[in-house]
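The sequence and the structure come before the notes.

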Amino acid sequence: MAKKNTPTQNSLVKLYMEYVLEHNHAPKSIYIFAKSNGFEEADFYEIFGNFESLEKAVFTQFFTNTKETLESSKDYLTYDSRNQLLSFYFTFFEFLSANRSYVIFALSESKNQLENLKKLKGLRYEFLNFIDQLDIEVMKIKNKQSKRNS
């Protein structure tokens, strides 16, 4: 009896990205996607409800990979908040650059740019939590209004 291939969230994200890049479109159905990658459709639904939730997970996974990479460094843990944020930006953009073909596809898939931005919702949530944990002091910029003579 053949061993059943049980996907993980990471493996589904990777398989989805590969599919999109090879075919230049999202899979037509979850059934076809599952069958072509050797796992059961039900296994997909245990992790994601649909392709939209998987697409959001791609960018969240970039965030998670960035944090794991940084936190594996002993030096990163000794950085002050400002340098941790700078390190995060540098590493995160390296992940985006390494996956630029997918990023470009995902963020330009729909002509409606707001639809494309929905894919970043999970990333936004994670990033805001990360910023809160850094406890960075907010710069206050005084804004003087000019007085007009009427």
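**Helix packing at a glance**

The buried residues of α8 pack against α4 and α5. The model is predicted: local features need pLDDT of at least 70, side-chain atom pairs count only at pLDDT 80 or more, and totals for chains, interfaces and linings use all residues. Residues are numbered from 1 along each chain as its sequence is written, and side-chain values use heavy atoms, with hydrogens and water left out.

**Terms**

- Helices (H or I, at least four residues) and strands (E, at least two) are DSSP runs, numbered from the N terminus.
- Buried means under 20% relative accessible area, exposed means over 50%, and partly exposed is in between (1.4 Å probe, protein chains only).
- Contact, the basis for saying that residues meet, pack or cover, means heavy atoms within 4.5 Å.

**Helix α8**

- Helix α8 has 14 residues, and its first and last C-alpha atoms are 20 Å apart, close to the 20 Å expected at 1.5 Å a residue (the expected span is 1.5 Å times one less than the number of residues).
- Leu123, Phe130 and Leu134 are the buried residues of α8.
- On the face of α8 turned away from its buried side are the exposed residues Lys121, Arg124, Tyr125 and Asp132.
- Asp135 follows α8 and has a positive phi, near 55 degrees.

**Helix α5**

- Helix α5 covers residues 81–98, and its 18 residues should span 26 Å at 1.5 Å a residue; the end C-alpha atoms are 26 Å apart, which agrees.
- Gln84, Leu85, Ser87, Phe88, Thr91, Phe92 and Leu96 are the buried residues of α5.
- Seen down the axis of α5, the buried residues fall within an arc of 165 degrees, so they line one face of the helix.
- The exposed residues Arg82 and Phe90 are carried on the face of α5 turned away from its buried side.
- The cover over the buried residues of α5 includes α4 (51–71), α6 (100–107) and α8 (121–134).

- Two packed helices are described by the angle between their axes and the distance between the axes.
- Axes are lines fitted to C-alpha atoms, for helices over the stretch in contact, and angles run from 0 to 180 degrees between N-to-C directions.
- Angles under 35 degrees count as roughly parallel, over 145 as roughly antiparallel, 65 to 115 as roughly perpendicular and the rest as oblique.
- A crossing is left-handed if the near helix is turned anticlockwise from the far one by less than a right angle, and right-handed if clockwise.

*With α8*

- The axes of α4 and α8 are 7 Å apart, at an angle of about 30 degrees.
- That angle makes α4 roughly parallel to α8.
- The crossing of α4 past α8 is left-handed.
- From α4, Phe59, Thr60, Phe63 and Lys67 meet Gly122, Leu123, Glu126, Phe127, Phe130 and Gln133 in α8.

*With α5*

- The axes of α4 and α5 cross at roughly 130 degrees and come within 9 Å.
- That angle makes α4 oblique to α5.
- The crossing of α4 past α5 is right-handed.
- Residues of α4 that meet α5 include Phe62, Phe63 and Asn65, and those they meet in α5 include Phe88, Phe92 and Phe95.

*With α6*

- The axes of α4 and α6 come within 12 Å, crossing at roughly 140 degrees.
- That angle makes α4 oblique to α6.
- The crossing of α4 past α6 is left-handed.
- Glu55, Val58, Phe59 and Phe62 of α4 meet Tyr102, Val103, Ala106 and Leu107 of α6.

**Single residues**

- Asn65 belongs to helix α4 and is partly exposed, with a relative accessible area of 23%.
- Asn65 and Phe95 are 30 residues apart along the chain, and their C-alpha atoms are separated by 8.2 Å.
- Asp43 lies in helix α3 (residues 41–47) and counts as buried at 6% relative accessibility.
- From Asp43 to Asn5 is 9.3 Å in space, C-alpha to C-alpha, and 38 residues in sequence.
- Asn24 sits in the loop between α1 (9–23) and α2 (30–36) and counts as exposed at 59% relative accessibility.
- Asn24 has a phi near 60 degrees, a positive value in a residue other than glycine.

Terms used: The arc is that of the directions from the helix axis to the C-beta atoms.
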